[in-house]
Amino acid sequence: MAVLAIAPSLLAQQVPKAVPVSSTDEVPRAVPLSPPKPAAVKTADDDLFEYATLCYTQKEYQIAIKPFTDYVRLYSKAPHAPEAWFKLGECYLKTDKNDEARRAYGEVVTRFPKSESAASANYRLGAFAYNAKEFARAATYFESCEKLTSDVLVKLAAAYNRALALKQAGQKKAAMAAFKQVAATKTDNPYRETALGELAAGALEAGNKEEALDAFNGLTATTKDDGILGDALIKSGLILNELGKSETALKNFKRALEIKDLSKDARAVAVFGLIQGCYGKGDFKGVIDTYVANATSMPGDDLRSKLLLMVGNAHKQKQSYRQAIEIYLMIEKQSPDSPESLEAGYQKLLAFYQMNDKDMPRFTESFEERYAPRYKDHEYLLMSRLIRADWWFGKSDYAKAAEAYAGIQSKRVPEKVRASVLYKKGFAEAESGKWNDAIASLTEFINDYPKDANIPIALAQRGISHKNVRAVDRALADFAAITKTYPDNNAAEMAWYQSGLIKAETRDTAGMIADFEALVAKFPKSAAAGDANFQIGRGYFDMKTRESYGKALEPLRRAISTDSEKWREKAFPLLISCQYLREDVDGLAKECEAYIEMKRDAPISPAVLTFLGQKYFERGNFKSSARFLRRLSTPSEPKTTPDIVWYFLGLAEVENGDFDDAIQSLNFYLEQAPQSAGHPKAMLGKARAYLGLGKYDEAVKSVDDGLKIQKEGKIHAQLVLLQGDIAMAHGDALAKAGDNAAAILEWKTAAGNFVVVSQIYGDPELTPEALDKAVRALDKLGEKDKSASLRRQLTTRYPNYKGK
């Protein structure tokens, strides 16, 4: 159905009617009817509704009233009830019975608020309320229509009427929002220009230029009058430039330039505005392209140098520095006395700076010579010198940077760059060794700009400067300020490191450790992490307590893991010393092995290796004992090896089955310490080694030599017992070779030795072993009675003996 048109009087000053309620035109529904249902058996209510509808469509509204009235009375909940009520209201409206019409529409809204006819009924009720000057109520009805209808044009009409109602109700903010909603529909919208006019007027009244611009731009999009269009475009463009809305301004200036009858002067201003707009929004390519495309539409002298300056700056922003310099030179040539000439000269310096031109220092000096006579105290002259200093600073030539900064009065430096200048000046002075100047500059920077992002680095540089003039307490104060206030800043890394170094020099070991521990905790990947970890470990080592030795271990290991080539030679000796002093055998062995793995010829203290060899021997870990002792042994020059090393090494090699090596080691020991207390045990070890090699005569001789020295005691018993072992093994070998007679003699000798030990020596280890071996020897000789007697002794005296 067609949308009900809003009367033109709505736009008049007086309060208009919202809808022509006296009209005889058919009133459309705001939402479409349901599609026809498939053919079905008609009921009495269908017949009545069809009859009423027939009268309605024939415009027999008076006649239609009765069947519609009967329908809603008889069939109040039937499917056609909502539409019947609405059409009943329409019939009353067409017959000028407005009160009855309102009641019928109200029934639709009340009884069937979500029905198809409710949207149209709300619209009608809104019109009645509006014409009755009940504007707030009218707005509510129109809003309900908006929400219910699915017809775009009806929704638009309802929104527009709601906006008018809100305006008349004094709800300006809501009215503007509603007008904005109407204006947002740009096609098939008969209300748009009026809505835009309302928006513009309301926005200007409220002092909101941006919303006014939106409305004006909407008008320029719809008007067909070129004169109005051009004027509106330029005016809105000027306002937009005033507000810094270059993007929208550009569109307006471009449209203005497309108007054929635009005057020459206006066109030149539009070009200027277009370039200015492009420049304002950062579209530097647009500035350049517009300048090239409109070369014949240049403004007069008063604007030309300004326009060229924007073009030059656009080239500079595009990093087309040579083209920028050409434009700047053009300005200096065409308008040498203009303020733009000075600006162009200064921007030219910046362009050369960006090009990293090798003659940059000379260019700055030439600029100062040219413009100093006319602009003696101009900030650009000072900035030129600062550019020269900054250029050297960027080259990391801090000595020349400091020279350029020298003599500059910080009070004259423009505030926008003063903080940077003070910071770089102090930094350059510190890096070039001008410690006192650096302290002064950095102190001024820190005091004047306490919230600057470079404060942490400035404190660090001042701390280093204080350190170099031996103001240690002030240096520490600067470093502490960084670590306390800026612990996450990279400057904190340097602060903790430098503070730790100072405390190391002043022998504040605990303080040094605390600083370096904080450094590696916060910056584990710091380039100084290796040094810091080493210093932590060294500090704990120097405390010389068992607990501190333990605390030194992990940082020393971290130092090595950071850079093994750099730190292993320093850290491993400390690690090994810590473990040695803690008497942690396994920990000590681990550190030694790690050192050896990294460096095969690692220089480990003989005392440490001897300690490890002896301790592992005592534990019965003979392989580890031999491994560490062997690093100390020098078979080619045996006398350079301590005799105790040969002693334990030889005995360990016996246990490991390395019999040849054992004999050699024990011989070296016996040669170096022939009268030592360990001589008998060494002979015992040699005898066991010869026995292992099957060299019975040599074994017997070694035992005999041992017995000559050791006349009693456990070692004497072990020698006698071993003497039996040698005879037993020799007898077994003879028997195997077929010489049974000789074998029996050896077994008898063995049995005698075993019996002697078992009966004379009361040792919990040797006695049961001797008894067990005697039983086996006698069994082999067939002496069952003697064997049984000794077996009873073994089981009675040593019931838990398991044998060897």
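Visitor: Which residues of α13 are buried?

Guide: Helices are DSSP runs of H or I with at least four residues, numbered from the N terminus. Buried means under 20% relative accessible area, with a 1.4 Å probe and protein chains only. In α13 the buried residues are A268, A270, V271, F272, G273, L274, I275, G277 and C278. Please note that this is a predicted model, where local features need pLDDT of at least 70, side-chain atom pairs count only at pLDDT 80 or more, and totals for chains, interfaces and linings use all residues. Residues are numbered from 1 along each chain as its sequence is written, and side-chain values use heavy atoms, leaving out hydrogens and water.

Visitor: What span does helix α13 reach from its first C-alpha to its last?

Guide: The expected span is 1.5 Å times one less than the number of residues. Helix α13 (residues 264-280) has 17 residues and reaches 24 Å, close to the 24 Å expected. Just after α13, G282 takes a positive phi of about 85°.

Visitor: How many residues does the largest nonpolar core have?

Guide: A nonpolar core is a set of buried Ala, Val, Leu, Ile, Met, Phe, Trp, Tyr and Cys residues joined through side-chain atoms within 4.5 Å. Here the largest has 150 residues, and F367, L386, F445, C592, I604 and L612 have the most contacts inside it. Helix α19 (residues 379-394) gives the largest share, 10 residues. A second, separate core of 61 residues includes A84, Y92, A163 and A175.

Visitor: How many disulfides does a search of the whole structure find?

Guide: A disulfide is a pair of cysteine sulfur atoms within 2.5 Å. The search finds zero. For C145, the nearest cysteine sulfur, that of C91, is 20 Å away. C145 counts as buried because its relative accessibility is 0%.

How values were computed: Buried means under 20% relative accessible area, exposed over 50%, partly exposed in between (1.4 Å probe, protein chains only). Helices (H or I, at least four residues) and strands (E, at least two) are DSSP runs, numbered from the N terminus.
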